[in-house]
Each structure stands twice: as structure tokens, then as C-alpha cells.
Amino acid sequence: MRIREKLSILFIVTLIIIATILSIMIWDKLTKETSLTTEEIYNDIETMYGGEIISFLTINDQYRVQLQRNNKLYQLNVDAESGKILQMTQDKSDVKEDINYLAETKIRKIIKEQYDGKIKKISLNTNKEEPVYQIEIANGKEHINLLIDAINGEVLSEIQADAEQDSSLLSKEQVITIAKKKLNGTVDEISFYDTSDGGYYLVEIEGNDKDAVFQIHAISGKVISTTWD
């Protein structure tokens, strides 16, 4: 009788051990199946919302994601293991609907395809409705200054200069290009005036119906003032 009782107890203990092992194996399998990789979460967000991810940061056990969609920016907090969206808010600094600037990476690609040399400086000048990228390329002793349309990537002007010259100043040709975007016509006169903040150009243009004098900053290319005649 005692032997039967011992066998029964042993059988029950064995069943409990087997059940425990199976439970652990099943739980481990379920956990691995529900855990997503960073790449899967990244792709799922873009597919789900149909936008473009601007930044993707890891903070503790969450991903902090900035998403651009329909000219608006969104901030998302995402669980790093399951990919579940914990919070989504709209960023107040929305992208302007009427202007979509080309990314600097795109501009660099355009330059690399068309020019040799190293890019020493690249900056976006959002000069009202005519935004441009100002680029300086060094190729040996030669420097090339470019103005590239920030919206369509068109090269507006290309000026070659000796490396010893002050290449931070816009050339007269570049300044004329800026002025003619405001008033297309014949340039009567262009003068440079040196100041403590880099100087400026005065460009006089004679149009078909009106004339104008544009004061343009010699470094940034910003139109400081316009006098119509």
C-alpha cells in the first residue's frame, strides 16, 4: 500500500515538473514572437502612417520618433519591445505647406554628380520666396562658388575663384542673379560697400516698366532693402 502511495506521489510530482517546463517553453516562445526588431518597428511606423521618419532615437525602453506626414510633424513614443504606439502628438512647428526645400543630402548628391572637389561650406539661405543653397567647393587651388535653387536643385550660378581670394563674399554675378529674381532687366550699376558685418552690394536694375536699387548683403545674399523708381 505504501509503495502505491509513493508511486502516486512520484507520478504527480513528475507531472508538475513536466507541466512547469512546458509552461516556461511556451512563455519563452510567445515572448520571442511578440518582440520586434528595431528595423521592423521602423518599417511598421512608416507603413502604418505613410509618412517619412525624420529622427529615430532610443530613450530607455522606448523609441522617440519624429514623423513628417502631409506637411506636418508628429512626435511618437513607441515601446521598444512590442512596437506599440504609446503616445502620438502633433509638433507645433509644422512644415510650411507652400515651400518644400530639398534636403542638404540631396543637394550634396547633385554637387557630387556634377563637380569634382570637396565641399567646404554649404548653407541654406531662405531669402523670402527665393530660397537658395550657397556652396563653396575646393578643388586644389581653385574654389567654386555655387548658388543652387533650394526647391528644384537648379544651379543658378557658378563662379570660379582663386583659393587665396575671400570666398566667403558673394561675387557680383551671384548678387546680380539674386537681384534679377526680384526685377528682370538690365543692370545699370553694381557697387560694393565694406562694413563690419561683411559689407553689401547696391545693384541698380532698369526694368521694362520700372527701375529699382537693391541693397544685398555680401555674405548671406539677403535683400536688405529695395528702392523703386
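1. A residue is called buried here when its relative accessible area is under 20%, exposed when that value is over 50%, and partly exposed in between. By that criterion, 30% of the 229 residues of the protein chain count as buried. The model is a predicted one, and this should be kept in mind throughout the points that follow.

2. As to overall make-up, the protein chain has four helices and twelve strands. Among the contacts in the protein chain with a separation of 6 or more, residues 24 or more positions apart account for 31%.

3. Is glutamine 66 buried or exposed? Glutamine 66, which has its place in strand S2, counts as buried because its relative accessibility is 17%, and the cut-off for that class is under 20%. Leaving aside neighbours within four places in sequence, the residues in contact with glutamine 66 include Glu52, Ile53, Ile54 and Ser55, as well as Leu73, Tyr74, Gln75 and Asp91.

4. Strand S6 (residues 132-139) and S7 run antiparallel and are joined by eight bridges, with tyrosine 133 standing opposite isoleucine 148 in S7. The hairpin of S6 and S7 has two residues between the strands, and glycine 140 takes a positive phi near 70 degrees there. Strand S7 (residues 142-149) is largely enclosed by the rest of the structure, because seven of its eight residues are buried.

5. A further open sheet of four strands has the order S9-S10-S11-S12, and its pairing is antiparallel. Strand S9 (186-193) and S12 are the edge strands, each pairing on one side only, and neighbouring strands of this sheet are turned against each other by 15 degrees on average, direction ignored. Seven bridges join S9 to S10, which run antiparallel, and phenylalanine 192 has tyrosine 201 in S10 as its bridge partner. Helix H4 packs on the sheet, where it touches S9, S10, S11 and S12, and its direction makes about 50 degrees with that of S10.

6. Which residues touch the most other members of the largest nonpolar core? That core has 16 residues, and the ones in question are Val175, Val203, Phe214 and Ile216. Helix H4 (172-182), strand S10 (200-206) and S11 each supply at least two residues of this core. With residues up to four places away in sequence not counted, valine 203 touches Val175, Ala179, Val187, Glu189, Ile190, Ala212, Val213, Phe214 and Ile216. Apart from this core lies another, of twelve residues, among them Ile110, Ile135, Ile144 and Ala150. As general background, nonpolar side chains tend to be buried together in soluble globular proteins.

7. The structure holds three aromatic pairs. In one of them, tyrosine 193 and tyrosine 200 are stacked, at 5.3 Å centre to centre and with 20 degrees between the planes; tyrosine 193 is partly exposed, with a relative accessible area of 37%. The rings of phenylalanine 214 and tryptophan 228 also pair, and the arrangement is edge-to-face because their planes stand at 80 degrees, with the centres 5.9 Å apart.

8. Where do the two residues of this edge-to-face pair lie? Phenylalanine 214 belongs to strand S11 (residues 211-217) and tryptophan 228 to strand S12 (residues 223-228), so the pair ties together parts that are 14 residues apart in sequence. Phenylalanine 214 is buried, with a relative accessible area of 1%, whereas tryptophan 228 is partly exposed at 45%. Lysine 210 lies over the face of tryptophan 228, at 4.5 Å from the ring centre.

Definitions and conventions
Residues numbered from 1 in each chain as written. Heavy atoms only, no water. Phe/Tyr/Trp six-rings, centres within 6.5 Å; stacked < 30°, edge-to-face > 60°. Buried < 20%, exposed > 50% of the residue type's maximum accessible area, 1.4 Å probe, protein only. Lys NZ or Arg CZ within 6 Å of the ring centre and 35° of its normal. Core = buried A, V, L, I, M, F, W, Y, C linked by side-chain atoms within 4.5 Å. Contact = heavy atoms within 4.5 Å. Pairing = 2+ DSSP bridges. Axes fitted to C-alpha atoms, helices over the stretch in contact; angles between N-to-C directions.
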